[in-house]
Amino acid sequence: MSRVVVTGRIPDAAIEKLRAEHDVDAWQGPESIGREELLRRVAGAEAIVSLLTERIDAELLDAAGPQLKVVANVAVGYDNIDVPACTERGVVATNTPGVLTDATADIALSLILMATRRLGEGERLIRSGQAWKWGMFFLLGSGLQGKTLGVVGMGGIGQATARRAKAFGMEIVYQSRSEIDSEIAAELGAQRVDLDELLAVSDVVSLHCPYGPATHHLIGAEQLAAMKSSAYLVNTARGPIVDEAALASALREGQIAGAGLDVYENEPTVHPALLELDNVVLLPHLGSATVETRTAMAMLAAENALALLSGERPPTPIG
Ligand code: DGY
């Protein structure tokens, strides 16, 4: 039996799966585990099942000790993990790609609709108790049909978002490190372009790339200025891909028409200037937040940890 530390609450099914074979210490607090408590608890662990709210860095890996074999993140994004520090110590890091693709693409499409059709504004108006009535020019938004979606990062979630947008009558362009499968490109009618062209031609820009040094502030003042003044920006990937101060100013100045965000630069803090603006829809990182998806993510993380603890290849290693 190995010691497995789970850094936050995850669905019971995954805990039971781990507990059937190992000694599991799972943080059960309503709040995130504090750093000191986490450093103390990981001592002696052979597996850490981590949530994206916990930083897994050299200090934490050393606090765990040399017997640590695996860090299994319950997320597809792994910017909370110092992967090179894991590799240096012979620790395998894993993530949960695939199982949250549809849920996240659903939220991207929801944000596209919320932003372009001004649904957040409408909801806030009713709740504010202000008088309103149907009017020919009341809260007019912008339709999607015949418009262009620019997908930045055409992995699984980008493709799933494009598929949904196509069903709404949108044309697709994308920017990605590599060409996507030609059959999928043909099915979506998707054309690969560089970021400059994507920003210039898109009516909606949706971000689906991973976060890292190469994508820090990928969308800043210059890129926002390159977008159409009628365009919208949607981010369901990671907050720091967008320079939030620059976005707030572009939205305030009418440089772009609107935005929909599920993730933030300094999560869970939201840039105060964004909170003042009506032309941005703000969700609290709900991309993968369905019972089915979170269960599948936790089960996959458990399978990754279990595989490595029994000396097998994990289903979804990072890299
Ligand atoms: C992920 O898995 O990276 C998502 O952001 C979680 O919702």
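**Close-up views of the domain interface and an aromatic pair**

Figure 1. On the side of domain 1 that touches domain 2, the residues comprise 2 nonpolar, 3 polar and 1 charged (Ala, Val, Leu, Ile, Met, Phe, Trp, Tyr, Cys and Pro count as nonpolar, Asp, Glu, Lys and Arg as charged, and the others, Gly among them, as polar). The model is predicted: local features need pLDDT of at least 70, side-chain atom pairs count only at pLDDT 80 or more, and totals for chains, interfaces and linings use all residues. Residues are numbered from 1 along each chain as its sequence is written, and side-chain values use heavy atoms, with hydrogens and water left out.

**Figure 2. The salt bridge between the domains.** The count between domain 1 and domain 2 is 1 salt bridge (a side-chain nitrogen of Lys or Arg within 4 Å of a carboxyl oxygen of Asp or Glu). D79 forms a salt bridge with R238, and their closest N and O atoms are 2.8 Å apart.

**Figure 3. Extent of the interface.** Domain 1 covers 3-98 + 291-309 and domain 2 covers 101-282, with bounds from an automatic or database domain assignment. The contact (heavy atoms within 4.5 Å) takes 6 residues from domain 1 and 5 residues from domain 2. The domain centres, taken over C-alpha atoms, are separated by 32 Å.

**Figure 4. The stacked pair W132 and F138.** The ring centres of W132 and F138 lie 6.2 Å apart with planes at 10°, so the pair is stacked (centres within 6.5 Å; planes under 30 degrees apart count as stacked, over 60 as edge-to-face and the rest as tilted, using the six-membered ring of Trp).
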